[in-house]
Amino acid sequence: MFAIRRRHGYLKPTEYTESWPMNWITNYVRPRINSIFSRRDVPENLWTKCDECGTMLFHRELSDNLNVCTHCGHHMRIAPRDRFHGLFDNGIFVEIDVPAPLADPLHFKDQKKYPDRLKAAQKNTGEQDAMLVAEGEIGRTPIVACAQDFSFMGGSMSMYVGNAIVAAAERAVEMGRPLVLFSAAGGARMQEGIMGLMQMPRTTIAIEMLKEAGLPYIVVLTHPTTGGVTASYAMLGDVQIAEPNAMICFAGARVIEQTIREKLPEGFQRAEYLLDHGMLDRVTSRTELRDELVTIVRILMDMPPAIKGDLPPPSANETDNAEAAEPSE
């Protein structure tokens, strides 16, 4: 029989057999097990709640459906890169370089300095600014595309956005391709003042370059598209398409009601209302938009209808028959 020494004397054999194993399990084994399981990485944001119907949606299912609720069809916001991955064939596209504008020309400061706001938005989104420009193929039809990012300072129209649209139009004219633009903005960027507002006539001239070259310009208005963006390039398309229930306006409904002192109609400034009153050509779900754009682009470019899917390779018999049918020299 043995005993374990402690600070004031020795443990009795019975005390050792009853207390020591329990202390060892409690003080060592259990914390060790807990630390192993607590280190497991649990991914965040596995579920997203639909703002419209409240349904909890698994993130992969939502992503596969282009951020459209599978329960009620509500269109959530989607990043430009995710939109392009769903738009271009096999998700393959090449970004078009956008010239960098003059940084902070007004030295603007509110609660934060303008450069600090830009850095924060760039860190949160991973993008340079509120517009992404790319080229690729949809339904084997080459196009140039622009997409605004509302999560980048409200998608506000800045000098960079103006440069992006000009670069996209110049590339489309150079390559003889149509331009497809996805708008999502709260208006001009106030931190750039008149320099931001100057992008309205500047982008309008860029769109005129396309029309003079006889190239289609298709606009897809997404929620929300407001302010100076609506008053310029967002409403100049040869074909105007909108996503369901998108808010499209210049001034907000509350401002209009306070100005005219009248109650506005139900659904005023929503895509369906604008379609009924002749402001839009189509309202199309995001999940069906790609096929519709392929059809419209090929019609406007005077091209034959797109082939759905890849044709199977010819069999050996078909190849032999084709060679036999060729006239001999």
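Q: What volume does the largest cavity have?
A: The model is a predicted one, and a search of the whole structure finds one cavity of 30 Å³ or more. The volume of the largest cavity is about 80 Å³.

Q: Which helices each supply at least two residues of the lining of the largest cavity?
A: The lining is made up of Leu-66, Ile-78, Arg-83, Gly-86, Leu-87, Phe-182, Arg-286, Leu-289 and Arg-290. By class, these residues divide into five nonpolar, one polar and three charged. The elements that each supply at least two residues of this lining are α3 and α11 (286–300).

Q: Which element gives the most to the lining of the largest pocket?
A: The largest pocket holds about 620 Å³ of space, and of the 28 residues that line it, His-75, Met-76, Arg-77, Ile-78 and His-223 are the closest to its centre. At least two lining residues come from each of α3 (80–87), β7 (141–148), β8 (179–185) and β9 (217–225). With three residues, the element that gives the most is β8.

Q: From which domains does the lining of the largest pocket draw at least three residues each?
A: In terms of residue class, the lining of the largest pocket has 11 nonpolar, nine polar and eight charged residues. At least three residues of this lining are drawn from each of two domains, namely domain 1 (45–76) and domain 2 (77–301).

Q: Which element gives the most to the largest nonpolar core?
A: The largest nonpolar core has 39 residues, of which Met-131, Val-133 and Tyr-233 touch the most other members. Two or more residues of this core come from each of α4 (114–125), β6 (131–138), β7, α5 (159–175), β8, α7 (199–212), β9 and α10 (271–276). The element that gives the most, with eight residues, is α5.

Q: Which residue is joined to Pro-224 by a cis peptide bond?
A: Pro-224 has its place in strand β9, and β9 is one of the elements that supply at least two residues of the lining of the largest pocket. The cis bond has an omega of about -15°, and the residue that it joins to Pro-224 is His-223.

Q: Is Arg-261 buried or exposed?
A: Arg-261 is found in the loop between α9 (253–260) and α10, and has a positive phi of about 55° although it is not a glycine. Exposed means over 50% relative accessible area. Because its relative accessibility is 74%, Arg-261 counts as exposed.

Q: Is Gln-269 buried or exposed?
A: Gln-269 is likewise found in the loop between α9 and α10, and has a positive phi of about 75° although it is not a glycine. The cut-off for a buried residue is under 20% relative accessible area. With a relative accessible area of 6%, Gln-269 is therefore buried.

Note on methods: Residues are numbered from 1 along each chain as its sequence is written. This is a predicted model: local features need pLDDT of at least 70, side-chain atom pairs count only at pLDDT 80 or more; totals for chains, interfaces and linings use all residues. Side-chain values use heavy atoms; hydrogens and water are left out. On a 1 Å grid over the protein atoms alone, a cavity is a set of points where a 1.4 Å probe fits but cannot get out, and a pocket is an open set with protein on both sides within 12 Å along at least five of seven lines; lining residues have an atom within 4 Å of a point. Grid points are joined across faces, edges and corners, and a volume is the space filled by probe spheres set on the points. Helices (H or I, at least four residues) and strands (E, at least two) are DSSP runs, numbered from the N terminus. Ala, Val, Leu, Ile, Met, Phe, Trp, Tyr, Cys and Pro count as nonpolar, Asp, Glu, Lys and Arg as charged, and the others, Gly among them, as polar. Domain bounds come from an automatic or database domain assignment. A nonpolar core is a set of buried Ala, Val, Leu, Ile, Met, Phe, Trp, Tyr and Cys residues joined through side-chain atoms within 4.5 Å. Buried means under 20% relative accessible area, exposed over 50%, partly exposed in between (1.4 Å probe, protein chains only).
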